Amino acid sequence: MPGTPPTRFVYLGPEGTFAEQALRTIPAAERGTRTPVRSVPEALDAVRAGDADAALVPLENSIGGVVAVTLDEMVDGDPLVITREVVLPVEFVLAAAPGRSIAEVRTVAAHPQASTQCRGWLRDHLPDAAVVDVLSNAAAAAAAAQGQQDAAVCAPISAGRQRLAVLADKIADHDDAVTRFVLLGRPGPPPPRTGDDLTSLAVYIAHDRVGALLAVLMELAVRGVNLTRIESRPTGEALGRYAFFLDCTGHVADDRVGEALQGLRRICADVRFLGSYPRHRSSTAAAERPVPAPAGLSDVDYADAAAWLARLRSGELS
């Protein structure tokens, strides 16, 4: 039923990963059921099939960039919409079975992305240790717990789940790295606007028209809609055919965003609405304020202009 809060959640597993940690920051998910699945396509298909109400999947990492499979799956199959984003600091620890010291570590289990983000620390502190690739942070922690490897590079939640001792914390080379996750559900009314929202779109341009992408950007710019992210992905139709994924400030209920969407609908080969939802705000971001609309482009300005035009059309000139 539209508007009913989700109670059945799926996320990119296994248990003990950053995805589970991100999901558990959502109060409804903490109260509901949380089921790990093996892949992003499996997570989204569970929502489409009605086996789950919502799926939490990674969208981008500040170091590794966009998660391409998530973009592809959001536009493949029945529509889904983003209802929430979670931005999670990526903190890695070196963990081992209790009693083992860092001097004894000769092998380290790590997911390739984790070992890449901790390459400098591993080089400086464990230069002779062999890094063994595993499928996830949770698998790395399990390998250390079971004695298959001496230690693991993993998320704090994984170390706690396996009752490992933390030999070193915050070992990532970039201590400000974050991963952005999105919660997707079946189409329905978007969350109410908060004044600090994002709208996500997939835009298909007319490839046989000069300046087609510029025209897309102008529809946003002339209305003061700020573009915060743009990614291109091949459509699979032919070499050189791309879809563009856009994140922009504002909510579909905002007049300026709504007018921009109408403009995109007129000039694009296709536009897929991927959701309007509150922008993530960290607990330490109390001083942050949304960027105000440029002069002449607020909803009040749009309402005033619309009323003025209505008066002109009815014969009033005041």
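Analyst: Helices are DSSP runs of H or I with at least four residues, numbered from the N terminus. In this predicted model, helix α9 covers residues 212–221 and contains methionine 218.

User: In what order do the four strands of the open sheet stand?

Analyst: The order is β13-β14-β12-β15, with antiparallel pairing. At the edges are β13 (227–234) and β15 (270–278); each has a single partner strand, so one side of each lacks a neighbour in the sheet. On average, neighbouring strands are turned by 15 degrees against each other, direction ignored. Helix α9 packs on this sheet, where it touches β12, β13 and β14 (242–249), and its direction makes about 155 degrees with that of β13.

User: How many bridges join β12 to β15?

Analyst: Eight bridges join these antiparallel strands, β12 spanning residues 197–204. Serine 200 stands opposite glycine 275 of β15.

User: Why is helix α7 described as largely enclosed?

Analyst: The same cut-off for burial applies here. Seven of the nine residues of α7 (residues 137–145) are buried, so the rest of the structure largely encloses this helix. Among the buried residues are Asn137, Ala138 and Ala140. Their cover includes α1 (18–23), β6 (93–96) and α8 (156–161). Just after α7, glycine 147 adopts a positive phi of about 80 degrees.

Conventions. Residues numbered from 1 in each chain as written. Predicted model: local features only at pLDDT ≥ 70, side-chain atom pairs only at ≥ 80, totals over all residues. Heavy atoms only, no water. Helix = DSSP H or I, 4+ residues; strand = E, 2+ residues; numbered from the N terminus. Pairing = 2+ DSSP bridges. Axes fitted to C-alpha atoms, helices over the stretch in contact; angles between N-to-C directions. Contact = heavy atoms within 4.5 Å. Buried < 20%, exposed > 50% of the residue type's maximum accessible area, 1.4 Å probe, protein only.
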